[in-house]
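Please look at the sequence and the model below before reading on.

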Number of protein chains: 2
Amino acid sequence: MESGIKRKLSTEPYKGVRDFYPEDMFVHNYILETMRETAERFGYLEYSASVLEPAELYEAKTSQEIVSEQTYTFIDRGERRVTLRPEMTPSVARMLAGRRRELALPLRLYSIPNVFRYERPQRGRLREHWQLNCDLFGVFGIEAEIEIITLADRLMQAFGAKKNDYEIRVNSRTLLMNTYRSLLKDGSEFPELLRLLDRKDKMESDTFLSAWQERFGAPFKDVEATDHPPLKELTEALTERNVDITFDPFLARGFDYYTDIVFEVFDTAPDNRRSLFGGGRYDRLLEIFDAEPLPAVGFGMGDVTVRDFLTTHNLMPAYRPSTDLFLATFDTSYIGAAQELAEFLREKGLRVAVNLLDKKVGDQVKTADKLHIPFILVVGENEMKTQTFKLKHLATTDEREVPREEIAPTIQKRIGA
Amino acid sequence: MESGIKRKLSTEPYKGVRDFYPEDMFVHNYILETMRETAERFGYLEYSASVLEPAELYEAKTSQEIVSEQTYTFIDRGERRVTLRPEMTPSVARMLAGRRRELALPLRLYSIPNVFRYERPQRGRLREHWQLNCDLFGVFGIEAEIEIITLADRLMQAFGAKKNDYEIRVNSRTLLMNTYRSLLKDGSEFPELLRLLDRKDKMESDTFLSAWQERFGAPFKDVEATDHPPLKELTEALTERNVDITFDPFLARGFDYYTDIVFEVFDTAPDNRRSLFGGGRYDRLLEIFDAEPLPAVGFGMGDVTVRDFLTTHNLMPAYRPSTDLFLATFDTSYIGAAQELAEFLREKGLRVAVNLLDKKVGDQVKTADKLHIPFILVVGENEMKTQTFKLKHLATTDEREVPREEIAPTIQKRIGA
């Protein structure tokens with residue numbers, strides 16, 4: 001500081017990102033584990049890449065808005081332009097293009113990367129979030145959309161959502177192109193048409209209709225879902241799997257790279273009527289690498305919107321620490337004995353913390369309780385002599401005498417390990 | 001490109017970082033899971049933070065070399081100076097300072113962040129690596145070092161290391177300070193003395209001795225371990241826990257923030273005689289935040305050195321995919337039936353992938369085999385009629401007829417789920 005006065009360093013994280021204290025980490029891990037388990041149930045394999053990518057990767061395909069204003073891009077000390085990935089799709093495309101000839105198809109991949117966008121932080125929109133990416137590669141048929149949308153539906157249920165808590169809307173870009181082709185001079189105006197359609201619900205009807213007329217020189221006309229056979233097949237197959245979808249002719253999705261079916265999952269809660277996540281088909285994925293084409297259907301689901309959804313629908317799990325048992329000590333002379341008992345219990349599979357401070361037993365119990373550790377026992381003279389311990393369950397204050405050998409089985413039975 | 005010719009985009013990752021294809025991810029997850037499980041056995045709770053931190057966080061305490069030349073630091077679009085964290089300690093210090101008054105002590109925390117250093121990539125030194133950080137806060141006594149070094153030892157064993165595969169060396173900065181205090185004008189020269197000591201083994205003896213004489217104006221004299229009672233207590237307590245340590249009077253460690261005991265784990269393999277990881281006590285952690293002092297002992301263990309260690313000692317686990325079963329289809333008309341069977345099996349806990357392509361059964365088996373999926377069965381007319389399936393274990397080619405209800409239990413018994 002110029003003033004010469006030592007400034008106190010801030011304890012705040014960087015703007016728009018989060019600190020994860022153990023209670024936050026518990027929720028974060030719950031969300032990521034639920035994503036992971038569900039994706040693996042469907043045979044998806046995990047991959048990952050670095051958050052640092054060459055900046056060129058995003059300059060070919062991502063929507064313009066993101067490249068020009070929303071990425072973290074900088075020059076490294078070796079004069080390379082580097083970007084913190086704003087999404088995972090270009091990274092997986094790069095990885096697949098690098099091994100295009102060796103791929104076993106159909107290939108199912110998932111990843112849960114953190115992704116960065118430079119934007120004004122607001123509810124559900126932070127500068128860093130984690131995003132489950134599930135992608136099915138190598139399938140041109142509608143079977144791919146059927147599986148991916150089923151997976152999206154099962155994910156919602158894995159988070160405890162009931163059928164009427166969310167709605168899955170689908171649309172087809174091919175159908176939109178077929179319907180509005182006559183209005184376009186060439187394909188390059190199509191993204192603009194999609195963006196106008198996407199805003200329809202947020203505009204006054206008259207404003208939308210006159211904007212349409214002005215831009216495309218013809219009155220707006222509705223899309224007919226029946227004009228597109230794959231949509232019908234998709235709806236029927238999903239109905240058979242007990243997955244409900246709704247046709248939404250105005251659903252467009254932000255990225256330019258979708259090529260046909262797109263879908264989006266919405267929260268139905270009156271106070272949280274928002275898009276939760278979505279995806280679609282993007283068959284031109286590998287074009288920028290000049291590699292043999294590879295059809296793809298996938299989606300991305302962000303952790304922040306999931307967290308908001310869980311809160312809105314009262315589905316957030318209660319915090320449980322990853323520690324099963326706290327060993328208190330009668331005084332500091334029993335710390336060594338407590339650590340030895342802890343080692344014995346760890347070998348039986350228990351997760352055990354030991355007091356290491358000169359504190360009264362009552363204060364040690366308070367520490368364990370503050371950490372939400374479910375079980376506690378005290379190590380002292382009598383316990384060492386008899387090798388029998390008073391095992392206390394803190395939530396119920398239930399206490400029982402347990403010999404050394406029975407501590408682990410007793411706790412494991414109770415916590416269902 | 002200026003030439004106007006469309007350049008083919010590179011499929012290489014950014015320099016010095018890694019792509020994780022499913023086989024790489026398997027190893028990565030194995031390493032991280034082993035770290036996680038071992039830390040949790042000792043009652044350590046997981047926390048995390050963003051890889052982006054305010055640059056000021058690193059300008060107060062980290063060793064000069066790192067701040068000035070080795071960080072990724074850039075200016076964001078809002079004119080904030082941001083750094084990709086080069087280590088986790090400043091982040092955890094920031095988080096603890098923010099909640100200093102609410103902490104339940106002793107507090108055990110772990111995290112496995114990715115950290116970045118701008119340096120020339122070489123064996124065991126990449127620009128991005130993951131690093132287990134285990135820290136025990138709030139304990140001034142040697143009990144903290146005993147626990148942390150025991151945890152470090154158990155981690156090595158959790159990776160399958162035998163006692164003679166590695167060596168734990170310890171030293172004390174207090175002891176070094178007491179020994180060499182008379183040579184120093186003031187404390188500011190101490191880091192330089194540590195760095196010279198640290199290089200002793202890499203220098204010719206004569207060169208070291210004359211460098212020492214020249215810099216500190218007195219002949220070099222050896223340190224006596226017996227001069228420091230905590231070192232003796234540490235050695236005895238660890239011996240009781242079957243943890244072997246060696247006193248190394250030249251062990252200094254890179255970071256300036258250590259305040260007393262430091263330790264480092266070395267590989268003993270003749271072709272990989274390198275430092276694996278290390279740590280120590282750093283009691284002045286919260287000084288830069290002007291918060292109440294909090295004693296701390298901890299270490300950081302990187303995934304790249306662990307991977308090298310596993311390779312050197314032939315401890316790398318064989319790849320197993322996260323998919324249990326592949327459902328082949330007699331032809332594409334059975335894809336719907338196969339997906340329905342898959343859903344039934346997923347509810348029983350199996351992880352199931354389904355063929356979605358118009359390929360011969362033999363080619364589908366090749367796909368499953370290439371993905372290393374252990375079990376396969378074919379869905380066709382006869383199977384749907386009898387609801388009995390030929391379940392094949394690909395590695396042994398063992399094949400048996402199994403009714404629908406028995407598929408999941410049969411596989412789970414075999415893979416030990």
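Through which surface do the copies meet? The copies meet through the same surface, because 99% of the interface residues of chain A are also interface residues in chain B. This is a predicted model, in which local features need pLDDT of at least 70 and side-chain atom pairs count only at pLDDT 80 or more, while totals for chains, interfaces and linings use all residues. Residues are numbered from 1 along each chain as its sequence is written, chains are lettered from A and ligands numbered from 1 in the order in which they are written, and side-chain values use heavy atoms, with hydrogens and water left out.

Strands β2, β4 and β3 of chain A form an open, antiparallel sheet in the order β2-β4-β3 (strands are DSSP runs of E, at least two residues, numbered from the N terminus; two strands pair if DSSP finds at least two bridges between them). Because β2 and β3 of chain A stand at the edges, each with a single partner strand, one side of each is left without a neighbour in the sheet. β3(A) and β4(A) are joined by four bridges, and Tyr72(A) has Leu84(A) as its bridge partner in β4(A).

| Strand of chain A | Residues |
|---|---|
| β2(A) | 52-54 |
| β3(A) | 72-75 |
| β4(A) | 81-84 |

**Arg80(A).** The loop between β3 and β4 of chain A holds Arg80(A). Arg80(A) counts as partly exposed, at 33% relative accessibility (buried means under 20% relative accessible area, exposed over 50%, partly exposed in between, with a 1.4 Å probe and protein chains only). Leaving aside residues up to four places away in sequence, Arg80(A) touches Phe74(A) and Ile75(A), as well as Tyr14(B), Lys15(B) and Arg127(B) (contact means heavy atoms within 4.5 Å). Ala55(A) is 25 residues from Arg80(A) in sequence, with 8.5 Å between their C-alpha atoms.
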